[in-house]
Amino acid sequence: MNRTTLSLAAIATALAAVTGFATLTAPASSSGTGADGKPAASTGSRTRLPVERTGLLCPAPSDSEVADTTYTSFTPTGTPGTSRPADGAATSHTTAPRADLYPAATTTADKPAPKDKKQTPDAKATAAKPLLTLTQPGKPAGLETDSADATALIGKATGAAAPGWTTQQTTTVSGGDGRGMLGLSCPAPDTDLWFPGASTSAERQDYVHLTNPDDAAVVADIDLYGPEGELKSQLTEGVTVPARSSVPVLLSTLTAEKATEDVTVHVTTRAGRLGAAVRAAHDEQGSDWLTASADPSGSLVLPGIPADATSVRLVAHAPGESDADLKIQLAGKTSTVTPAAAQSLHVKAGMTAAVDLKNLARGEAGTLLLTPSQPGKKSPVVAALKVTRGSGDNQETAFIPAGGPIGERATAAGSSAKGTTLTLTALTADAQVKVTASAGTEGGTPATKTYTVKRGTTTAVVPPTPTGLKGTYALTAETVSGSPVYASRMLAEPEDGIPMFTVQPLEDDRGTVEIPTARQDLTVLTD
């Protein structure tokens with residue numbers, strides 16, 4: 001009988017390489033000490049390694065004949081916080097760096113492949129051929145299309161292209177239904193997602209786009225919650241999303257109840273996983289993507305309210321069994337203050353509540369903070385902001401969901417030479433943040449600048465741009481000191497007097513996985 005001894009670290013490394021998101025936690029505390037407060041033994045230490053595989057999903061951008069969409073795919077160089085395990089397990093990637101975006105099929109209609117090769121081809125005919133490929137970390141890859149038949153995209157990255165990989169999808173619709181600038185950082189697949197800020201009102205046409213990246217069909221349940229609780233659904237069997245396909249669902253068709261201005265959408269899967277985002281379009285206030293809120297929590301941060309916002313509406317939902325009483329604060333240019341328009345918000349359990357925060361910005365960019373009114377009562381909530389710029393017939397709307405901190409590193413791709421604003425907020429301590437502008441998709445030399453952000457304040461800056469920039473580029477923010485830091489990136493592009501814009505929060509790119517470093521005798525007995 002043969003005996004084979006395997007290292008626990010080696011096994012964990014293999015799991016991390018396969019899953020891209022596995023985390024194995026050792027017995028020691030996060031501070032590296034044991035339960036007795038003494039330094040942890042080698043069996044309790046941990047190390048971080050770069051992920052080997054990751055995925056994301058971009059929804060179908062628009063069916064408008066006057067839509068122009070740009071994709072920017074980017075992976076930052078290096079992986080912060082990684083090290084070599086004590087047993088010598090390799091930290092280098094075992095596969096060549098590569099990130100591909102493939103077209104997904106659509107269940108709404110069979111559309112022939114367009115003749116122009118720049119347009120998005122039929123998914124069934126070219127499922128094995130990527131539309132956009134990135135092979136070099138640090139150098140973004142770009143794709144443009146003006147096709148009304150553009151499909152959703154399914155992305156996967158391997159090797160050194162996986163840690164921190166992101167793709168920005170930005171669409172400009174110059175007129176007609178859905179006019180506006182719609183942007184999002186294509187999300188990773190998930191099983192449980194919340195979207196406060198949606199609507200079933202007559203002025204809004206909100207579609208939730210569900211994209212399945214895998215080879216088996218997925219059934220999704222979509223629940224809607226308004227100011228009086230859950231809306232009675234006409235959907236009894238769930239929504240089936242075929243393998244490697246995308247399905248858009250008009251929210252107003254899911255319920256026969258009266259139209260509701262403020263709705264929270266809850267998407268869950270019975271098995272498998274999906275990418276989801278809500279495309280919200282208002283008859284007079286433009287359109288944008290509403291992405292998922294941070295997971296339900298007693299405290300939330302909503303970063304990046306523009307300095308010239310003319311209207312800000314907070315929408316929150318309490319998914320638990322307890323009401324939530326929230327204190328509302330704004331981290332502005334010089335301090336954190338309580339808005340005069342609304343100091344608090346009461347959210348009943350299972351219901352959605354909203355409040356207009358009039359004259360919130362007052363010419364200064366800011367970040368909204370939600371905390372329990374009573375520190376001992378932390379009822380979980382999800383939240384998002386509906387932000388409007390302009391007035392009268394020249395209004396444009398964007399959404400800012402609650403998000404997480406940038407952690408060690410976060411990236412927003414698809415930035416442009418003009419109209420890009422970066423917002424940084426430090427909550428508990430003064431912070432320093434290093435911001436790197438990558439090369440452009442068609443050329444340019446990277447540039448870096450470090451910013452200091454005072455505790456309890458928000459700093460809005462025009463970020464560095466690559467020297468000799470051609471095309472779009474990516475912004476990578478790294479915490480030097482003073483975490484947690486929250487950030488967002490705004491893109492703005494005026495069109496015929498309409499201040500079109502879109503805002504994307506920057507969150508930790510989760511480019512590493514934690515594994516134990518200790519060797520443990522996991523003996524495998526073989527004949």
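How many bridges join E6 to strand E17? Let's find out in the viewer. You are looking at a predicted model, where local features need pLDDT of at least 70, side-chain atom pairs count only at pLDDT 80 or more, and totals for chains, interfaces and linings use all residues. Residues are numbered from 1 along each chain as its sequence is written, and side-chain values use heavy atoms, with hydrogens and water left out.

**First stop: the sheet**

Select residues 245-250, which make up strand E17; 2 bridges join E6 to this strand, and the two run parallel. Helices (H or I, at least four residues) and strands (E, at least two) are DSSP runs, numbered from the N terminus, and two strands pair if DSSP finds at least two bridges between them. Click on Ala105 and you will find Ser245 of E17 opposite.

Now bring in the rest: 5 strands form an open sheet with mixed pairing, in the order E6-E17-E13-E19-E20. Strands E6 (105-106) and E20 (286-290) stand at the edges with a single partner strand each, so one side of each has no neighbour in the sheet.

**Second stop: the disulfide**

Next, select Cys58 and Cys186, which a disulfide joins with an S to S distance of 2.0 Å. The rule asks for a pair of cysteine sulfur atoms within 2.5 Å, and the count comes to 1 disulfide. Cys58 lies in strand E3 (residues 53-58) and Cys186 in the loop between strands E11 (180-185) and E12 (192-198), so the pair ties together parts 128 residues apart in sequence. The torsion about the S-S bond is about 110 degrees, so this disulfide is right-handed.

Finally, colour by accessibility. Buried means under 20% relative accessible area, exposed over 50%, and partly exposed in between (1.4 Å probe, protein chains only). Cys58 is buried at 0%, and Cys186 is buried at 6%.
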